[in-house]
Amino acid sequence: MSATAPSPESPATDQLTVVLIGNPNTGKSTLFNALSGMKARIGNFPGVTVEKKTGRYRDDEGEITLVDLPGTYSLSPRSADEMVSVDVMLGRLKDVGRPDAVVCIVDASNLERNLYLFSQVRDLEIPVVLVLNMWDLATRRGVTIDVDALRERLGVPIVTTSAHRRQGLDELRSAIRDAAARERIAPDRVFPQPFYDEVERLREWLAERDRDGVPTYLLERMLFDIGGESEHRFAQSTSDELPTYLQQARQRLAEKGCRVPAAETKHRYIWIREQLDGIVTRTEADTVTASDRIDRVITHKVWGLLFFAGLMFLVFQAIYNWAGPFMELIEAGQEAIAGSIAGALPPGTLRSLLIDGVVAGVGGVVVFLPQICFLFLFIAILEDCGYMARAAFLMDKLMTRLGLSGKSFVPLMSSFACAIPGVMATRVIENRRDRMVTILVAPLMSCSARLPVYLLLIATFVPATSLGGWGQGMALFAMHLVGALVAIPVAWILRKTFFKGETPPFVMELPPYKWPSPRVVLHRVYDRGMAFITRAGTLIFCTTVVVWAAGYFPGDHTELNAVTAEIEQLDAAAPLDEAGEARLAELEATEHRVSGRLIETSYLGQIGHAIEPAVRPLGWDWRIGVGAIASFPAREVIIATLGTIYSLGGEVDEEDPGLRQSIRHATWPDGTPVYNIPVAFSIMVFFALCAQCAATLMVIRRETNSWGWPIFTFTYMTLLAYVAALVTYQVGMLLMA
């Protein structure tokens, strides 16, 4: 190996930037958390969906900034998202800067396969620390590694760790400082000389077109990755000649016995086996492990699926039911705060803003936390114990038929409880196309917020005795099934249009089973919860305030405020005599009537009247239109909105008999009923498919790091919902004729 001069771009040695990279399931995130503690910051790299996770720690010499890159099996970028890892390590992202060292984490019990990524990292000519993680597990499996000999052969610092036990951390911190202080090492040449000759020819060809200074690794990737992101990026910035030139270069390499892309895998593994020759030995204890015996059941095509179904049922119940008491507690706290504000301020704009805007907005954010925390508690446990990889393996065959991967199943299933944790759970999907398609179809799953709408309309218009007493249950089941069935063609269309490309082969290391670390699990739950609050919460809050303002202004609330104040005075004077009770009932009726008039004349009501011609073909009047618009912060808000419009008050719920009666007796100006069975199913189908959830759209904005995708989601789902509702109503009316 030959040494080069220290990089002039390296900063002072007391402050370092260090990148962590490794295969999935090698304990990389556990190691990151162990080093940085609770000081991690989570965001997105600019312009892509890749999560940016940074943390810091201090040692005796200064501060170390850690950048945790997504788990990957190789540095062969096929998309802009996959290119991020290469750009970070080459110092091509301004918000990260040039790293001073790279920590490459490998599974000590699967060293040969894991060193493929390490062999690519070393080609970047950055100081590397090789971490042999899960050292305790490798020892138990009878794997023996001569670390000193391996360190001598590779010429890099090597540290053995057991991250989940927090063993080897001090040695790793010391090795990071040692690596950063070393001279940058030119890597061994593992490919035939004709390949390097072509690299230099490509460098000269680009220089002639004013593209000097292209890193050697990117030149190599252009040759190796047919149609890859490196080729795509430089083809855009140079000329259309580049793909043709690269095709000719690959042809020349093939003629010299270096066929692309197979040559890369072949020669890297030849080099890896040379480095490990005489270094790694295995005893007979490694032949059949406890994990192998468990997998005979867990990954079985019958028993494995039954176990998985039971486990997913448990997770679903946790998200749907176990989180209920915590959500009710949050709602009770929200009501208590609103009551305190109502007691401290007289009726008016300020009180309405604080109660219906601020408190409702904050509550609309915090109320989702129990579901998010329960979901990520299960995901963290399943990931850390090693089962999540098996779940993805079991479901991959089914999901591949939909153009997705096995890892898409858990996020989609979670979305039946709430799309917000479901969208956030797509972080477990490394492939960008699969992740994006999953994000875009997850809101189609019928979440719990749609349930009040279903219950109200089914109980009102579907007779309990229909279909032998099964009618209402079948209608409810059908509404939950609509979104899942529609998601199948939508996912297929997305893969054929926006996310073209062959479905990548399912490649996943099945890690050995182990007891999950409570520290790691709780840290991941905390990370996800805080990420939701800080990244999506502000946008959800702002949306709630905007919708409140649209429903409040520009009406004159003087009469309503006076009536509300008198009602509160009578409530405070309880118990009331007969005259007082009569006066209270009269005032409450007036309050409901005035509230209904005010919402009709508000900006929200004006929009409802404006869109009535558009929703009339669905069988809707302006009141249903207003309810649909008002439910944008949360779908279930339509119940309270209809209660206000029908002068029943905003406190009604889906079981309120007065609301059901008002809906049955609502009429058009000519006296004909507004609602019937086709109208009821038109509304339910619309809510089953529409994107009436600002919180979900805001999470999509944060997860994709773009406003374009939530706008696209809202647009395609609203159009889809409109067409489906139109067909439902029109066909229903024809059948009733």
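Which residues line the second largest cavity? I looked there before anything else. The lining is Val453, Leu456, Leu457, Ile638, Ile639, Leu642, Ile663, Tyr675 and Ile683.

**Ground rules**

I am working on a predicted model, where local features need pLDDT of at least 70 and side-chain atom pairs count only at pLDDT 80 or more, while totals for chains, interfaces and linings use all residues. Residues are numbered from 1 along each chain as its sequence is written, and side-chain values use heavy atoms, with hydrogens and water left out.

**Entry: the cavity**

I noted what a cavity is: on a 1 Å grid over the protein atoms alone, a set of points where a 1.4 Å probe fits but cannot get out. Lining residues have an atom within 4 Å of a point. A volume is the space filled by probe spheres set on the points, and the points are joined across faces, edges and corners. With this rule I count five cavities of 30 Å³ or more.

I then sorted its lining. It holds nine nonpolar residues, no polar ones and no charged ones. Here Ala, Val, Leu, Ile, Met, Phe, Trp, Tyr, Cys and Pro count as nonpolar, Asp, Glu, Lys and Arg as charged, and the others, Gly among them, as polar. Helix 20 (451-461) and helix 28 (637-645) each supply at least two of the lining residues.

**Entry: the whole protein**

I counted 32 helices and 11 strands. Helices (H or I, at least four residues) and strands (E, at least two) are DSSP runs, numbered from the N terminus. Of the 737 residues, 53% are buried. Buried means under 20% relative accessible area, exposed over 50%, and partly exposed in between (1.4 Å probe, protein chains only).

I also checked contacts, meaning heavy atoms within 4.5 Å. Among those between residues at least 6 apart in sequence, 75% join residues at least 24 apart.

**Entry: helix 19**

How many of the 10 residues of helix 19 are buried? Eight are, so helix 19 (residues 432-441) is largely enclosed by the rest of the structure. Asp434 and Arg435 are among the buried ones, and so are Met436 and Val437. The cover over them includes helix 2 (80-89), helix 21 (471-496) and helix 32 (708-736).

**Entry: Arg221**

Arg221 sits in helix 8 (residues 216-224). Is Arg221 buried or exposed? Arg221 is buried, with a relative accessible area of 0%. Its side chain joins that of Asp225 in a polar contact of 2.7 Å. A polar contact is a pair of N or O atoms within 3.5 Å; within protein, one must be able to donate a hydrogen and the other to accept it, and residues adjacent in sequence count only if both atoms are side-chain atoms. Leaving out residues up to four places away in sequence, Arg221 touches several others, including Gln120, Glu264 and Arg268.

**Entry: Trp620**

I found Trp620 in the loop between helix 26 and helix 27 (622-630). Trp620 is buried, at a relative accessible area of 2%. The side chains of Trp620 and Ser682 make a polar contact of 3.3 Å. Beyond four places in sequence, the residues Trp620 touches include Trp668, Ile683 and Phe686. Trp620 and Tyr675 are 55 residues apart in sequence, yet their C-alpha atoms are 8.1 Å apart. Tyr675 and Ile683 are both on my list of cavity lining residues.

Most residues other than glycine have a negative phi, and most peptide bonds are trans. I looked for exceptions.

- The Val260 to Pro261 bond is cis, with omega near 5°. Pro261 is in the loop between helix 10 (241-255) and helix 11 (262-276).
- The Phe553 to Pro554 bond is cis, with omega near 5°. Pro554 is in the loop between helix 23 (537-552) and helix 24 (558-572).
- Glu125 has a positive phi of about 60°. Glu125 is partly exposed, with a relative accessible area of 30%.
- Met134 has a positive phi, near 60°. Met134 is buried, with a relative accessible area of 9%.

**Entry: cysteines**

How many disulfides are there? I count zero, taking a disulfide as a pair of cysteine sulfur atoms within 2.5 Å. Cys104 is buried at 0% relative accessible area, and Cys693 is buried at 9%.

Definitions and conventions: 1 Å grid on protein atoms, 1.4 Å probe; cavity = no way out; pocket = protein on both sides within 12 Å on 5 of 7 lines; lining within 4 Å.
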